[in-house]
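Colleague: I have a new model open and want to learn how to read it. Can we go through it feature by feature?

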Amino acid sequence: MQQSNLEILLQDALAGDAKSFELIQQQFERSIHRFASRMLASLDDVDDVVQQTFIALYMNLDQIDPPEKLRPFLFRVARNLCYDNLRRVYRRDDVSINDCEYRLSSNHISPEENAHWRLMLAGVRQAIDCLPEIHRDTLILYVEEGLSQAEIAEVMHTELGTVKSRLYYARKLLRQLVSPDTLLAIENTK
C-alpha cells in the first residue's frame, strides 16, 4: 500500500469511515496474526491478540502520525499483548512440529526431498524458538514480518544499534543451534 493511500485511509478512519478502517485492518491483519502465532501456542489466544490489536488501533487512531508509525504501532501492541498473555499462562508452551503447517509448493521435488526440507524447516523453527526471547522476537520481526531495523527499534522501544546487535547475536546463535550436525540428528530421529 502506498504511503499516500495509507495516509488518506488513516484520515478517513479517524473521521469515522468504517470502510477505511476495515481496509487498514485487511492490510495488516495477516502479518499480525502470523507474528502472534509465532509467540503463542493457542490459536484462540492468537485470534484474541489480533482482535485486541485492532481495537487498540481504533482507540488510538489519532496518535498515528505520520502514517509510517502505523506498522510499528501495530506490532508493538501485538507484542505487548502476547507478553501479557504469556505472563497469564506463566510459561511459553513449546511449539510442536505437528502444530505447524509447512507447505512446500513445488511440484519439482520428490517426496523424500519434501520430507527433508520439512524436517530442516522444523529444525530451524525449533532453533528459533530456543533463542533468548529478546533475540527471537527481533529475528521474527525482521525475517518473518519484514520490519526494518528502525521499525523494530520503535516496536521494542530501543535504539537502532541495539536492534542491529540483537540481530547479529540472534543469527550467530542460530548458526550454532542449526549446525549441519543438528539437522542430521533431527533427520535421524525421524
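Modeller: Start with one cut-off. A residue counts as buried under 20% relative accessible area, as exposed over 50%, and as partly exposed in between. Take E145: its relative accessibility is 5%, so E145 counts as buried. Keep in mind that this is a predicted model.

Colleague: What is the mean pLDDT of the chain, and where does pLDDT stay under 50?

Modeller: The mean is 81, and 77% of the residues reach 70 or more. The stretch under 50 covers residues 90-107. For that stretch the model has 19 contacts beyond four places in sequence.

Colleague: Next, the fold. How many helices and strands does the chain have?

Modeller: Nine helices, zero strands. Along the sequence the pattern reads α-α-α-α-α-α-α-α-α. The chain has 190 residues, and 38% of them count as buried. Now look at sequence separation. Take the contacts between residues at least 6 apart: 63% of them join residues at least 24 apart.

Colleague: How do I read the interior?

Modeller: General idea: in soluble globular proteins, nonpolar side chains tend to be buried together. Here the largest nonpolar core has 46 residues. I24, F54, L57, L70 and L74 have the most contacts inside it.

Colleague: Which elements give two or more residues to this core?

Modeller: The list is α1 (3-14), α2 (18-39), α3 (43-59), α4 (70-89), α5 (111-130), α6 (133-144), α7 (149-155) and α8 (160-177). The most comes from α4, with ten residues.

Colleague: Now the charges. How do I read a salt bridge?

Modeller: General idea: side chains of opposite charge can pair when their charged atoms come close. The cut-off used is 4 Å between a Lys or Arg side-chain nitrogen and an Asp or Glu carboxyl oxygen. By this rule there are eight salt bridges.

Colleague: Which residue forms a salt bridge with R34, and where do the two partners sit?

Modeller: The partner is E145, with the closest N and O atoms 3.1 Å apart. R34 is in helix α2, while E145 is in the loop between α6 and α7. The pair links distant parts of the chain, 111 residues apart. R34 is partly exposed at 33% relative accessible area, whereas E145 is buried at 5%.

Colleague: And R38 with D129: are these two buried or exposed?

Modeller: Both sides are buried: R38 has 5% relative accessibility, and D129 has 16%. Their side chains meet in a salt bridge at 3.5 Å, N to O. This one joins helix α2 to helix α5, across 91 residues of sequence. There is also a network: salt bridges link R38, D129 and E144.

Colleague: What about K69?

Modeller: K69 forms a salt bridge with E154, with 3.8 Å between the closest N and O atoms. K69 is in the loop between α3 and α4, and E154 is in helix α7, 85 residues apart. Both are partly exposed, K69 at 33% and E154 at 26%.

Colleague: Where is H135, and what is it in contact with?

Modeller: H135 is in helix α6. Beyond its neighbours within four places in sequence, H135 is in contact with R166, Y169, A170 and L173. H135 is also buried, because its 15% relative accessibility is under the 20% cut-off.

Colleague: Now the outside. How do I read nonpolar groups there?

Modeller: Begin with the total. The chain exposes about 11,400 Å², and carbon and sulfur atoms supply 50% of it. Then find the patch. I55, Y58 and M59 form a nonpolar patch on the surface, with about 360 Å² of accessible area together. M59 lies in helix α3 and is exposed, at 60% relative accessible area.

Colleague: Last, the backbone. Which residues does a cis peptide bond join?

Modeller: D65 and P66, with omega about 5°. P66 lies in the loop between α3 and α4. H157 has a positive phi of about 50° although it is not a glycine. H157 is in the loop between α7 and α8. Its relative accessible area is 62%, so H157 counts as exposed.

Terms used
Residues numbered from 1 in each chain as written. Predicted model: local features only at pLDDT ≥ 70, side-chain atom pairs only at ≥ 80, totals over all residues. Heavy atoms only, no water. Core = buried A, V, L, I, M, F, W, Y, C linked by side-chain atoms within 4.5 Å. Buried < 20%, exposed > 50% of the residue type's maximum accessible area, 1.4 Å probe, protein only. Helix = DSSP H or I, 4+ residues; strand = E, 2+ residues; numbered from the N terminus. Contact = heavy atoms within 4.5 Å. Patch = residues over 30% accessible without salt bridge, like charges linked within 9 Å, V, L, I, M, F, W, Y side chains within 5 Å. Areas by Shrake-Rupley, 256 points an atom, 1.4 Å probe, with all protein chains shown as cover. pLDDT = per-residue confidence, 0-100.
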